[in-house]
Amino acid sequence: MTFRHALAAAVLTALALPAAAQDYENCQWQSNEGRIAQSYELVGPAACEALCTETEGCSSWYYIPHNFNPTGGPGECGLYGAASDPQPHDREYCGTVGSE
């Protein structure tokens, strides 16, 4: 691979995830209990957080970019009524909304 190809690959990789994702914590919830909704249609952790904010009973969310769902979704967003013990994770994002 030439330098030009490597540079192009690096730029495309950087553009693949919205820059706003850098503002979110890389983490995952340790339990899937209490999941109230899931979507494979959203792009980016900001969209997942917004869906949680708009969903009654949602207090926490996670987003996995570029999932391998057979339906071809851009990412996986899960919403929880409650979640605990966020753990560091290189490829996932998670957060809470509201007064937590």
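Start with Y80: this residue is buried, at a relative accessible area of 1%. Buried here means under 20% relative accessible area, exposed over 50%, partly exposed in between, with a 1.4 Å probe and protein chains only. Y62 is buried too, at 5%.

A word on provenance. This is a predicted model, where local features need pLDDT of at least 70, side-chain atom pairs count only at pLDDT 80 or more, and totals for chains, interfaces and linings use all residues. Residues are numbered from 1 along each chain as its sequence is written, and side-chain values use heavy atoms, with hydrogens and water left out.

Now the layout. The protein has two helices and five strands, in the order α-β-β-α-β-β-β from the N terminus. These are DSSP runs: helices are H or I with at least four residues, strands E with at least two.

How many aromatic pairs are there? Two. The rule takes rings of Phe, Tyr and Trp (its six-membered ring) with centres within 6.5 Å; planes under 30 degrees apart are stacked, over 60 edge-to-face, the rest tilted.

Y24 and W61 have ring centres 5.6 Å apart and planes at 80°, so they sit edge-to-face. Y24 is in the loop between α1 (3–16) and β1 (26–28), W61 in strand β3 (residues 60–65), so this pair ties together parts 37 residues apart in sequence. Both Y24 and W61 are buried.

Y62 and Y80 make a tilted pair, 5.8 Å centre to centre with 45° between the planes. Y62 is in strand β3 and Y80 in strand β4 (residues 75–80), 18 residues apart.
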